[in-house]
Amino acid sequence: MDKDLQDIIKILSADLRILPASGGLLFAVSGGPDSTTLVDIIANNFPSIKKRMRIAYIHHGLRKNADRELLFVKNIAKKWDIPFHSRKIKINKTSDKSLEEIARIKRYDALFTIAKKYNCCAVITAHTSDDNAETIIFNLLNGSGLKGLCGIFPSTQVKDGLFLLRPMLSVSKSQIISYINKRNLRYLTDESNLDTRFKRNFIRHKIFPLFEKINPAFKKNISRTSKILTDDYLYIKSTAEEILEKYFTFDKDSVIFSAKIFKKFHPSIQRFVLRKIIVSICGLSHPVDFATIERIRNTVISGNKIYIEKYNILVMYDNGNITIQKHKLQKSKPLVFSVSLKIPGKTKIPDFDWTIITRYTSFKKNFLKNPDRFVAYINAQAVKNNLIVCNPDMHTHFIPLGMDKQVSFHKYWKTHKKHITKFVQFPVVVQDGKKIVWVIGGQISDDYAIKKVNRILEIRIIKES
């Protein structure tokens, strides 16, 4: 056998020791060079493992070639007489996660579901040493902590006792391409892996070639460093978990511990235990960002109180003890009210601790670019009735300034609520009879837009507290 083929089989033979001695093994196969090589090596050289194999393909519905990939992977399974499974997943873009991240989460959820259904004890992926290097650089650029710089772990226990295993992390992409060429294997190329708009692809195709010019062995050096950092991380993890068990009292939604004892620990241990606490009581599937952990750590050390809105948790100091708990928000109902405005003049709105001041003024150019969410400049000549401050009827329609068609207030509020509620918790409007003039904290109606020749009515809200 060719020496290159012997080398890759020898490396993989050592790394396959992470596989459980018994139980089904679900291999995630995309049809690309890495997963195609992994299946081929095992099917040819490890018959005892092959007997336990199942192959799964996850169809993301994002690429034109996905149907071709599905058939290709199905034929690989058929060639080796290995059971085949597939799932089609739907991916909806959200504001807080990238398309790559959403696809990854959904893909693994689908793989775990298949594995559980067919009593598999592990899901196997074909991540390589190149993938590991990319992950470490990606995490470094995103400000990752120690765990992120460890890279991809060969073995991770996930839900229901299932393991996620990566036995090819010691194999390089160049070794895989060499194996494929010498074995004359067919494989598919995922065109999305060439799109440098994706951060990982940009690192792979734009940054790594520059690193290679500085040091051709940079990937090996990154891999070596990640192994050293992994040992450091696992030591801190083991130490922190012993401390958590000894000094911290967990309830369902809270944790209590001594502030004095906490201060004795090294900052790395403090950060670790706080991350574990937040992930545990909030039921998170992702790590907590460094800035949040530092805010909590400084609060604990100083013996103060803080509410972390992002995770909806309270940190409190009482008689030497720190309590971190999920905050139970009280849902309050919007006030029902209607108050007529004095024009010109001052009007008190007691329920909001507001004073609303109105006055007539002349047009000024800077009124057109008004940044203050508590001031509105409207066309006084367009007002036909007494102005009132009130709760809006959600079914009322109006044209928000800058838009060209009417929308219901319900739709407007749903779209703009996020930035308006930073100023006003509930929807409040100024109305001209039944017509909306101004959504307080938001936009005025296009029907009341100011023009240079108009008499202008200024409506200004002063917060009393």
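The model is a predicted one, where local features need pLDDT of at least 70 and side-chain atom pairs count only at pLDDT 80 or more, while totals for chains, interfaces and linings use all residues. Residues are numbered from 1 along each chain as its sequence is written, and side-chain values use heavy atoms, with hydrogens and water left out.

Now for the overall build. The chain carries 14 helices and 21 strands (DSSP runs numbered from the N terminus: H or I of at least four residues for helices, E of at least two for strands). Its radius of gyration is 30 Å, whereas a compact globule of 465 residues would sit near 23 Å (taken over C-alpha atoms; the globule rule is 2.2 Å times the number of residues to the power 0.38). Along the principal axes, the C-alpha atoms fill a box of roughly 95 × 60 × 50 Å. Of the 465 residues, 43% are buried (under 20% relative accessible area, with exposed being over 50% and partly exposed in between; 1.4 Å probe, protein chains only). Among contacts with a separation of 6 or more, 65% come from residues 24 or more positions apart (contact means heavy atoms within 4.5 Å).

On to the rings. Searching the whole structure turns up 15 aromatic pairs (Phe, Tyr and Trp rings, the last by its six-membered ring, with centres within 6.5 Å; planes under 30 degrees apart are stacked, over 60 edge-to-face, and the rest tilted). In one of them, the F257 and F262 ring centres lie 5.5 Å apart with planes at 40 degrees, so this pair is tilted. Both F257 and F262 are buried. Elsewhere, F398, F409, Y412 and W413 are joined into a cluster by ring pairs.

R455 lies over the face of Y360, 3.7 Å from the ring centre, and the charged end of R107 sits over the Y108 ring at 5.8 Å from its centre (NZ of Lys or CZ of Arg within 6 Å of the ring centre and within 35 degrees of the ring normal).

Three residues get a look of their own. N139 belongs to helix α6, residues 129-141, and counts as buried because its relative accessibility is 18%. Its side chain reaches the backbone oxygen of G148 at 2.8 Å (a polar contact is a pair of N or O atoms within 3.5 Å; within protein, one must be able to donate a hydrogen and the other to accept it, and residues adjacent in sequence count only if both atoms are side-chain atoms). Setting aside residues up to four places away in sequence, N139 touches S144 and G148.

L194 sits in the loop between α8 (173-183) and α9 (199-214), and at 54% relative accessibility it counts as exposed. Beyond its neighbours within four places, L194 contacts N201 and H205.

T249, in strand β7 (residues 249-250), is exposed because its relative accessible area is 53%. Not counting residues up to four places away in sequence, T249 touches S254, V255 and I256. From T249 to N454 is 205 residues in sequence and 67 Å in space, C-alpha to C-alpha.
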